[in-house]
Amino acid sequence: MSSQLLRALRIVLMVMVGLFFLFPLLWVVLMSFMTNVDILRSPPSPFFVPTLRNYLALISGHLSTSSGNVQIDYMHNLLNSVILSVCSVVVSLILGVPAAYAFARYKFRGGEDMAFTLLSFRFAPPLLVLLPLLGYFQTLHLYDTYFGLVWVYQLITLPLVLWIVRGYFEDVSEDIELAYRLDGHGWLATFFKISIPLARPGIAAAGLLSFIFAWNNFIFALILGSSDVQPVTVGALAFITASGIEYGQIAAALVLSVIPTLVLAIFTQRYLVEGLSLGAIKG
Amino acid sequence: MSTLTLTDVSKVYPGSSERSVDDVSMAIKDGEIIALLGSSGCGKTSTLRMVAGFESVTSGTIRIGDTVINRLKPSERNVAMAFEGYALYPPLKVRDNIAFSLLRGRTAKAEIDRRVKAVSDMLELGPMLEKFPPNLSGGQQQRVSLARALVRDASAYLLDEPMSQLEPQLRALLRARIKDHMTLHRMTTVIVTHDQTEAIALSDRVAVMDKGLLQQFGTPEDLRERPANLFVASFIGEPPMNLYTAEVGGGELVVLDERGTPAFRIPCQPGEFAGRRRLSIGIRPHRVHLGAPGNGAAGGSDALIPGEVLSNHWLGDHSHAGIGIGGCFLIAVADRHVEAGVGSQVVLRIPRDAIHIFDDETGLAVAHGLSA
Ligand SMILES: Nc1ncnc2c1ncn2[C@@H]1O[C@H](COP(=O)(O)OP(=O)(O)OP(=O)(O)O)[C@@H](O)[C@H]1O
Ligand SMILES: [Mg+2]
């Protein structure tokens, strides 16, 4: 009897928590199908005539406002987001996974300090670094390039990859690698055939997390690039026009920008769950 | 299938001031099985890991055949190891874990299957072959780990506590099979174990280690009959040897109790231990005969000592009797039922050759058996 009561209580609580977190998302999705007039109606009403106007405007790049037509390049921003995030994550994985392995397996002088320094990049307010960087970037002709941005994005993604993957490597018993080496394989073969596959859930989790962080970054590209390389986060600013804020388009832009991360999360969900149960492998 | 020779091998771990392995020398013959016995933390695993190449050798040399292998990579040493922590590869089935090492060489598929089947039959792993390691019990994983080592053609086999997780019946069964397998294939093997019975049953010679030092390396009979020092004497044997301090008197050894008062006397040749004042003496529980008072006359030249029974346990096939002699306590083991009840008087007959004499200070053996 009381266990049934508990179960009912749990369901009620879960629904409440779910609503709390999901309602804003739901509202944004609804907004993306409304005109500005519908959105600004007071009191707000869930009954409206859905329209694809916002999406069409985004895709075609023509935004018609009360004070005339504005050109926006949202699809280009979206492409920039993809290029920047994918490149940053790939570079971070290539650099970070071997480094994480080294930090996990070998104790070397200054190793802990190096690992901590990398982590400490996450503590400092980015603006502190960005203003001086702007000077360097202009001198080195890195301003407004993908290369330059991917480089500074490493400040976000590399520490994440390094620290998450390092933990996974530490959880893999070294003896498994040693057993493979004893069978006549070199350390490089062991690294690729044994260590990487065993840490794969961690690598996937780290890759996904750093992708999300890179995708959501705003300030780096705002300062170090022009609209040629800026991602959606910065691009969405274009909807704050002289004649007002285009809530409908902002909502549609948000929905479009969430889709890639959502797809990725669903795709790697298996690895994320596997990653959480890695404990079963130990020993 | 090769000799394995350790010469003055030491290991000091970085950041540690102690020698975890201290000047160990062992010459293991081709096809010989040796057991490495010692309490926890005495350096057994460290020794194996140096042979396998996982740890650098601080000083000394390790040879396989005539080749010094100190600086070879693990992959170049051609040794097989069963790890203390199993170290199975979770994403592979048991069958593939076992076959893993064979896949690398150009062993034909049929030959691999045959060998995997042979070794898994030997270790009762047949039903487990298609499972994944995380779904096995500890004892099953341990056998897979052992199978993975035994299936290989290696110059030397290093087995780190290969059967510690098995129940006694299975352990006894596998012990016999493994021994046959190793003898048949002339496998040069080092087995680490905590279990003396296992060490004695499996191996040709036993190496006893303590605090990184090799205490004695000899046949099971050597260890039992001629322990090199007090550590080996107290470590080998179940129950362990009775050990006492004794003073040398004219023609007798005066055994002292813990407070230093004389408890009983053992006759010896006058002048046998001339020049010594104190000794340690050891008496194996299995060599003490219990008799009723008055029957003692048959003792001949053996020591006859009266005592009182303090405890008497029948353990199914032998008796453990605790005997008080003055202030000393002695354990005697008889392979028959001992009638004497607690509190009754008995006479102990201790054969002269069952008395071991050790140096009081160094602990080194002085003599095994008193001269007649
Ligand atoms: N990687 C290491 N770094 C530092 N010290 C170590 C390391 N491995 C072992 N030691 C030390 O070396 C000594 C011997 O350890 P070892 O593992 O060889 O013991 P063992 O005889 O195998 O013990 P057990 O029977 O418990 O397995 C111990 O005192 C241990 O603390
Ligand atoms: Mg050990």
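Student: How many of the 372 residues of chain B, as a percentage, count as buried?
Tutor: 51% of them do. Buried means under 20% relative accessible area, while exposed is over 50% and partly exposed lies in between (1.4 Å probe, protein chains only). Before we go on: this is a predicted model, where local features need pLDDT of at least 70 and side-chain atom pairs count only at pLDDT 80 or more, though totals for chains, interfaces and linings use all residues. Residues are numbered from 1 along each chain as its sequence is written, chains are lettered from A and ligands numbered from 1 in the order written, and side-chain values use heavy atoms, leaving out hydrogens and water.

Student: Why is B:T47 called buried?
Tutor: Its relative accessibility is 3%, and the limit is under 20%, so B:T47 counts as buried. B:T47 sits in helix α1 (residues 44-52) of chain B. Helices here are DSSP runs of H or I, at least four residues, and strands are runs of E, at least two, numbered from the N terminus.

Student: What is B:T47 in contact with, leaving aside neighbours within four places in sequence?
Tutor: B:L6, B:V21, B:L36 and B:M209. Contact means heavy atoms within 4.5 Å.

Student: And which residues of chain A matter for the area buried against chain B?
Tutor: Start with the total: the two chains bury about 1700 Å² between them, 65% of it on carbon and sulfur atoms. A:D175, A:L182 and A:D183 supply 37% of what chain A buries there, more than any other three residues. Buried area is the accessible area (1.4 Å probe) that two parts lose on being put together, summed over both.

Student: Which helix gives the most to the side of chain A that touches chain B?
Tutor: α8(A), with seven residues. Both α8 (174-182) and α9 (187-198) of chain A supply at least two residues each.

Student: How many residues are in contact across the two chains?
Tutor: 17 residues of chain A with 21 residues of chain B.
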